[in-house]
Structure formats: C-alpha cells, structure tokens
Amino acid sequence: MLKRNVNKFFIKPLSQRLSAIPVTADNLKEMEAQWKFFFILASPRSGTVFLSDMMMDEENHVLVYHEPVQEDMAAQVAAYYSDEMGYRYLQGFRKREIYQRIKQFTPGIYGEVNPQLRYHFNALKKAFPNAKF
C-alpha cells in the first residue's frame, strides 16, 4: 500500500502558514544551495498523484508533493498571463512556501508533480535555475 505524506502544518489556513515562520532571503539562498529541485509539469488527470506517491522517499531525503498549495489558485491564474507575474509569484510566495515545507527535513531532493505549474515553465526556470524539468 502506498504511503501518503500528510503534514498537519498544511491544514492551517494559508495566512497562518505564511506568517508562522519568518523567511529571509538568506533562508532561501541556503535552501537553494542545500537542496536539489525538480518539477514535473504534466497534464491534469494523467497519473500525477500516483507518480508523486511513488517517488516520495523520506528515508532517502526525497520529498515529492502533488499540487501542495491549492489555496493560491488566484495567484496562479494571474501569473498565467505573464512570465514576469509568474516569476514574482514564485519568488514571493512559492519559494517561501517550499521553505516552510522542507525546513524540518535533512537536505536532499525536493520535487513537485504539479499540473498547474506547467503554465509557468519560463518563470520556474528563472526562479529555480538549477532545477530539473
């Protein structure tokens, strides 16, 4: 049976999550230096939940999430219309959210299987220049 990672931190409303842990530019630089990132930008309803569940391996420091942030759909929709808006969204919100999600773990590999982010490929490349796609 597949093990699904449930983090009680994510049950809290988004505003509480973002204000709960201050994230500095140094925190983000350290995260990017210590972690490897990858993003799988698939189509919806194409097995992405199964894929993320199969790849998750906390024992070997591989954290893979499927659509981890659903409350920020409005920001994703706004970012759809402009690479610059997408980049600002990734820099200002998503990196902070990722930091909050992974800070408690030993550095390793962070991945997202997220169909919504397929619209932000150029912005993702700019925000995470060393990531694999």
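Student: How many salt bridges does the structure hold?
Tutor: The structure, which is a predicted model, holds four salt bridges. One of them joins the side chains of Lys-95 and Glu-32, with N to O at 2.8 Å.

Student: Where in the chain do Lys-95 and Glu-32 sit?
Tutor: Lys-95 is in helix H5 and Glu-32 is in helix H2, which covers residues 25-34. The pair is 63 residues apart and links distant parts of the chain.

Student: Is Lys-95 buried or exposed?
Tutor: Lys-95 counts as buried, because its relative accessibility is 3% and the cut-off for buried is under 20%. Glu-32 has a relative accessible area of 30% and is partly exposed.

Student: Which residue does Arg-94 form a salt bridge with?
Tutor: Arg-94 pairs with Glu-112, and their closest N and O atoms are 2.5 Å apart. Arg-94 lies in helix H5 and Glu-112 in strand E3, so this pair ties together parts that are 18 residues apart in sequence. Arg-94 is buried at 1% relative accessibility, and Glu-112 is buried at 0%.

Student: And what about Arg-101 and Glu-97, where do they lie?
Tutor: Both are in helix H5, four residues apart, which is about one turn of the helix. Arg-101 and Glu-97 are both buried.

Student: Switching to the sheet. What order do the strands have?
Tutor: The order is E1-E3-E2, in an open sheet of three strands with parallel pairing. E1 (36-40) and E2 (62-66) stand at the edges with a single partner strand each, so one side of each has no neighbour in the sheet. Neighbouring strands are turned by 15 degrees against each other on average, direction ignored.

Student: How many bridges are there between E1 and E3?
Tutor: Five, in the parallel sense, with E3 covering residues 109-113. Across that pairing, Phe-38 stands opposite Gly-111, and Phe-39 stands opposite Glu-112. That is the Glu-112 that forms a salt bridge with Arg-94.

Student: What joins E2 to E3?
Tutor: Five bridges, and these two strands run parallel. Leu-63 has Tyr-110 in E3 as its bridge partner.

Student: Why is E3 called largely enclosed?
Tutor: Because four of the five residues of E3 are buried, the rest of the structure largely encloses it.

Student: Which strands does helix H5 lie across?
Tutor: H5, residues 83-102, lies across E1, E2 and E3, and runs at about 125 degrees to E3.

Student: Now the surface. Which residues form the nonpolar patch?
Tutor: Val-77, Tyr-80, Tyr-81 and Tyr-119 form it, with about 480 Å² of accessible area together. Tyr-81 sits in the loop between helix H4 (73-80) and H5, and at 66% relative accessibility Tyr-81 counts as exposed.

Student: What is the phi of His-61?
Tutor: About 65 degrees, which is positive although His-61 is not a glycine. His-61 is in the loop between helix H3 (48-55) and E2, and is partly exposed at 32% relative accessibility.

Student: Last one. How many helices and strands are in the protein chain?
Tutor: Six helices and three strands, in the pattern α-α-β-α-β-α-α-β-α along the sequence. Of the 133 residues in the protein chain, 44% are buried. Its accessible surface is about 7,800 Å², and 54% of that belongs to carbon and sulfur atoms.

Technical notes. Residues are numbered from 1 along each chain as its sequence is written. This is a predicted model: local features need pLDDT of at least 70, side-chain atom pairs count only at pLDDT 80 or more; totals for chains, interfaces and linings use all residues. Side-chain values use heavy atoms; hydrogens and water are left out. Two strands pair if DSSP finds at least two bridges between them. Axes are lines fitted to C-alpha atoms, for helices over the stretch in contact, and angles run from 0 to 180 degrees between N-to-C directions. Contact means heavy atoms within 4.5 Å. Patches are made of residues with over 30% relative accessible area and no salt bridge: like charges are joined within 9 Å, nonpolar side chains (Val, Leu, Ile, Met, Phe, Trp, Tyr) within 5 Å. Accessible areas come from the Shrake-Rupley method with a 1.4 Å probe; for residues, only the protein chains shown count as cover. Buried means under 20% relative accessible area, exposed over 50%, partly exposed in between (1.4 Å probe, protein chains only).
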